[in-house]
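Here are my notes on this chain. Please read them with the model open.

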Amino acid sequence: MGTRIIGVGKNLPERVVTNDEISQYIDTDNEWIIERTGIAQRHVATTEKSLDMAAAAVLENTTGERGIISTYIRNYDDENEVMKCKANYVNPPFWEDDLTPRPLSMRGRAVFKFAVNAIEEVTTGALEKIGLTLDDVDWFVPHQANGRIIHAAAQKLGQPLDKFQISIKESANVSSATVPMALYDLQSSGKLKKGDIIAVMGFGGGLCAAGAIIEW
């Protein structure tokens, strides 16, 4: 008995905002944004009724096929507070806390290092549980937070970049939807074959990370 993915899908709003449009509002340009983030454009919802970004995968219990064959989850104590957002409550009736709005703060270099190391740990951790190695993986589908993170992770894993699905250039960072969106893009490319081994991995606030190995 296994659990396999029988379908993936995604949706993006029609409105596309390019880097050139962004540069009209802040002091930057297309080349700098692509160099630092890997993003060339992003999709945005233009009204409250517009459908936002979304992605999904449909799973099925099956016999004779392995599907999702390993998972690995890791929580990292953010002792150095590299990413934090203090509580901002809205008019609590009985509290006397300081309710001044607090912005989200992030130490970029530390988060970058965490992301690269986390990708390595959850990927190798999931593979080791089933006796596979990085070289057994046909495709890597990472969280699309930043293009430079994906490039650095490929180097750290010692794997060629052409084994990594990179969708961030056209879709930008759409948070938790990036992994199923990238998996959809990989499937739509026609490169996936039955029996291929895929490593998917995500990371985020907490700090936390997770990976899974899928036999397609």
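1. Accessible areas here come from the Shrake-Rupley method with a 1.4 Å probe; for residues, only the protein chains shown count as cover. On that basis the chain has an accessible surface of about 12800 Å². Carbon and sulfur atoms hold 50% of this surface.

2. This is a predicted model: local features need pLDDT of at least 70, side-chain atom pairs count only at pLDDT 80 or more, and totals for chains, interfaces and linings use all residues. Residues are numbered from 1 along each chain as its sequence is written, and side-chain values use heavy atoms, with hydrogens and water left out.

3. There are six helices and ten strands in the chain. These are DSSP runs numbered from the N terminus (helices H or I, at least four residues; strands E, at least two). Of the 216 residues, 38% are buried (under 20% relative accessible area, 1.4 Å probe, protein chains only).

4. Look at β10 (residues 208–215). Pairing requires at least two DSSP bridges. Strand β10 pairs antiparallel with β5 (residues 68–75) over seven bridges, and eight bridges join it to antiparallel β9 (residues 197–204). Cys-208 is the bridge partner of Asn-75 and also stands opposite Gly-204.

Methods:
Buried means under 20% relative accessible area, exposed over 50%, partly exposed in between (1.4 Å probe, protein chains only).
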